[in-house]
Amino acid sequence: MVKFKEDWYRLYHVHYQQYPDDCIENIYWLEKAVQADFCNPLYANAKIETEKQWEKYRYLFQMHLNLKLIEQHLRLGRTYDKKVAYFYDAPWKDEYIRNLEKALSCYQAGLYYWKEAQLWAEKANVKEFNFLFITDLQNWEDEREKIKTGTLNYGRMLEREIERVENVRDTFIAMDSKSY
């Protein structure tokens, strides 16, 4: 039975070739994981021995889920993204505009998850956790540290993508029958 965060997270998977339906499925599983309760610490994804470890584990898990949601939204957005508007694309401009709107909504959703991931990373970075590491989840600890130092910054990347998509969309909107 799928009931807890850890159960929903186990349903998340990345295919070698990921199609939009795969991304949407993963977003669904990850959203369910974000909303679900945590299981008993005995069944957590790492060995938990103290209440402080349990607290940090929960913060790291929430941060990690939000980062995975950003990645899935980026993948989904890229399937609809037209990087450049060429003059010969004018006959299909309405379809491209619709697809760019989908890409834009995916990237904007990613910004929401980035703010959430930063919030959870900040909670996991408080002074009382300075020398407490969950070694079973080293990659989550690495993500937390990268967010702290700024080497992982999805916000900057998403804002850049949003600006580019808006510019491409504006180029398509400006096209008329004389453009082709």
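In this predicted model, helix H3 (residues 51-80) and helix H5 (residues 138-149) have axes 10 Å apart and pack at an angle of about 75°. Angles of 65 to 115 degrees count as roughly perpendicular, and H3 and H5 are therefore described as roughly perpendicular to each other. On the H3 side, the contact includes Lys56, Tyr57, Leu60 and Phe61; on the H5 side, the residues include Trp140, Arg144 and Ile147. The residues of this contact comprise seven nonpolar, two polar and four charged ones.

The whole structure contains 20 aromatic pairs. Tryptophan 8 belongs to helix H1 (residues 5-11) and tyrosine 28 to helix H2 (residues 20-35), so the pair ties together parts that are 20 residues apart in sequence. Tryptophan 8 counts as buried because its relative accessibility is 14%, whereas tyrosine 28, at 43%, counts as partly exposed.

Tyrosine 59 and tryptophan 120 form a tilted pair, because their planes lie at 35° and their ring centres are 5.9 Å apart. This pair links distant parts of the chain, with tyrosine 59 in helix H3 and tryptophan 120 in helix H4 (residues 93-124), 61 residues apart. Tyrosine 59 is buried at 16% relative accessibility, and tryptophan 120 is buried at 17%. Lysine 123 lies over the face of tryptophan 120, at 4.4 Å from the ring centre.

Finally, ring pairs join Tyr9, Tyr12, Phe38, Trp54, Tyr57, Phe61 and Trp140 into a cluster. Lysine 5 lies over the face of phenylalanine 38, at 5.0 Å from the ring centre.

Terms used: Residues numbered from 1 in each chain as written. Predicted model: local features only at pLDDT ≥ 70, side-chain atom pairs only at ≥ 80, totals over all residues. Heavy atoms only, no water. Axes fitted to C-alpha atoms, helices over the stretch in contact; angles between N-to-C directions. Helix = DSSP H or I, 4+ residues; strand = E, 2+ residues; numbered from the N terminus. Parallel < 35°, antiparallel > 145°, perpendicular 65-115°, else oblique. Contact = heavy atoms within 4.5 Å. Nonpolar A, V, L, I, M, F, W, Y, C, P; charged D, E, K, R; others polar. Phe/Tyr/Trp six-rings, centres within 6.5 Å; stacked < 30°, edge-to-face > 60°. Buried < 20%, exposed > 50% of the residue type's maximum accessible area, 1.4 Å probe, protein only. Lys NZ or Arg CZ within 6 Å of the ring centre and 35° of its normal.
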